[in-house]
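Have the model open as you read.

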Amino acid sequence: MATPETAKRSRVSEKASRFTESVIREMTREAIKYGAVNLSQGFPDFPAPEDIKRAAQEAIADDVNQYAITWGAKDFRDAIAEKSKWYLGLDVDPETEVTVTCGSTEGMIAAMMATVDPGEEIVVFEPFYENYAPDAVLSGATPRYVPLRAPEWTFDREELRAAFGERTKAVILCNPNNPTGKVFTRDEMEFVASLCREFDALCFTDEIYEHILYPRAGRTVEHISMAQLEGMRERTVVVNSMSKTYSVTGWRVGYCIAPPDIAAAVRKVHDFLTVGAAAPLQRAGAYALRLPHDYYEHLQRDYERRRDVLLPVLEDAGFKVFRPDGAYYVMTDISAFGFRDDIEFTRFLVREVGVACVPGSSFYSRPELGAQQVRFCFCKKDETLDAAAERLQKLQKK
Ligand SMILES: Cc1ncc(COP(=O)(O)O)c(C=O)c1O
């Protein structure tokens, strides 16, 4: 029984009360509730590759059913090192530099908890993937937001420089970017890297869309990992995952690559947060990461096609579309519809039109910044995209 003194104490931590539940994941629940076509949360509604599923089934049948080594099964870590070599050109020591986590979600928070002390600052480009703000609260970091401005989602170099200072511990870079679809250019990356070196800051780089890029006439769209740039390998934590590349978001298998001193700290945090990621799925992960290179070319072309289905549908319906160069989302401007804000519009869209998207404000530190934006994802079956197209015809511009 609580005594009168303890009863006055809040039962919920100050940390937990400083952020809300995920709006993205809430939108999936709303879509189910209203029978809407779900273009909100970024997960494929088509089957995962047969051979990858079979590898997981075989792993369970072979009795890979007990804890893996806490920082990851050796064969999976070896596969991560091999893939990092061919795709990123990085020499990664699987014994000291890789930590397998429960998705990149755990990878990011474990990396932050392992490196950031309360009061230290992290620089975050805005709009941002919504997890980074609670990650900052949970790790005690103070975020400094730097705007990416539509239509090209470019940043102002002076603004970025001004966000760095004595207390800066790290910058978070999501590249290719969710929600904007931006792929940072080499020049932009070099500038971010120069600030990290100048201010002795780390970089947490979320690269889960590394293979989902769309070629564009007159411009090089390439995936560059921050860890590839001069002087950055020793100050970068690469956060990655099987979720998007292999269409297995429910497996919850991700990983961090970091220099040994940081990796050792990440491993400790990870050990006491989760002990480890699912052992049989790590076995299947080792298979997946060693797939022939044309698997990735296929993936890219497939998403390019889906993007090219959804974008004209949105444009015809009256959205202003910011064409993505990577990832599988599209940010749009909804001003043409005359709604007060993104929340009102999203509610209308899910309930009256029957399509779920994500309100733009969930990607900003201040809701008003995203009040006329919403995000759609296109990692969906043709039938799903067609059903959305049919329903969106009901929308009317004001
Ligand atoms: C940028 C970004 N990072 C991380 C995640 C979560 O990934 P995981 O399933 O690996 O935890 C997502 C999922 O949508 C994402 O878009």
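Let's start with a helix pair: α5 and α9 cross in a right-handed way. Keep in mind that this is a predicted model. The axes of α5 (residues 103-115) and α9 (residues 260-274) come within 8 Å, at a crossing angle of roughly 120°. On the α5 side, the contact uses Glu-106, Ala-110, Ala-111, Met-113, Ala-114 and Thr-115, and these meet Ile-262, Ala-265, Val-266, Val-269, His-270, Leu-273 and Thr-274 of α9. Sorted by class, the contact residues of α5 with α9 come out as nine nonpolar, three polar and one charged.

Now for another pair, α3 (residues 50-61) and α10 (residues 279-289), whose axes come within 8 Å and cross at roughly 140°. Why call α3 oblique to α10? Because roughly antiparallel needs an angle over 145 degrees, the crossing at roughly 140° leaves α3 oblique to α10. The crossing of α3 and α10 is right-handed. From α3, the contact takes in Asp-51, Ile-52, Ala-55, Ala-56, Ala-59 and Ile-60, while α10 brings Pro-280, Leu-281, Arg-283, Ala-284, Tyr-287 and Ala-288. That contact of α3 with α10 has 10 nonpolar residues, two charged and no polar.

Here are both pairs together:

| Helix pair | Axes within | Crossing angle |
|---|---|---|
| α5 and α9 | 8 Å | roughly 120° |
| α3 and α10 | 8 Å | roughly 140° |

In soluble globular proteins, nonpolar side chains tend to be buried together. Here the largest nonpolar core has 69 residues, and Tyr-246, Phe-319, Phe-376 and Leu-392 have the most contacts inside it. Which helix gives the most to this core? That's α11, with nine residues.

Last stop, Glu-304, which sits in α11 (residues 294-317). Is Glu-304 buried or partly exposed? With a relative accessible area of 21%, Glu-304 counts as partly exposed, because buried means under 20%. Beyond residues up to four places away in sequence, Glu-304 touches Tyr-214 and Pro-215. Glu-304 and Gly-35, 269 residues apart in sequence, are 27 Å apart in space, C-alpha to C-alpha.

Note on methods: Residues are numbered from 1 along each chain as its sequence is written. This is a predicted model: local features need pLDDT of at least 70, side-chain atom pairs count only at pLDDT 80 or more; totals for chains, interfaces and linings use all residues. Side-chain values use heavy atoms; hydrogens and water are left out. Helices (H or I, at least four residues) and strands (E, at least two) are DSSP runs, numbered from the N terminus. Buried means under 20% relative accessible area, exposed over 50%, partly exposed in between (1.4 Å probe, protein chains only). Contact means heavy atoms within 4.5 Å. Axes are lines fitted to C-alpha atoms, for helices over the stretch in contact, and angles run from 0 to 180 degrees between N-to-C directions. A crossing is left-handed if the near helix is turned anticlockwise from the far one by less than a right angle, and right-handed if clockwise. Ala, Val, Leu, Ile, Met, Phe, Trp, Tyr, Cys and Pro count as nonpolar, Asp, Glu, Lys and Arg as charged, and the others, Gly among them, as polar. A nonpolar core is a set of buried Ala, Val, Leu, Ile, Met, Phe, Trp, Tyr and Cys residues joined through side-chain atoms within 4.5 Å. Angles under 35 degrees count as roughly parallel, over 145 as roughly antiparallel, 65 to 115 as roughly perpendicular and the rest as oblique.
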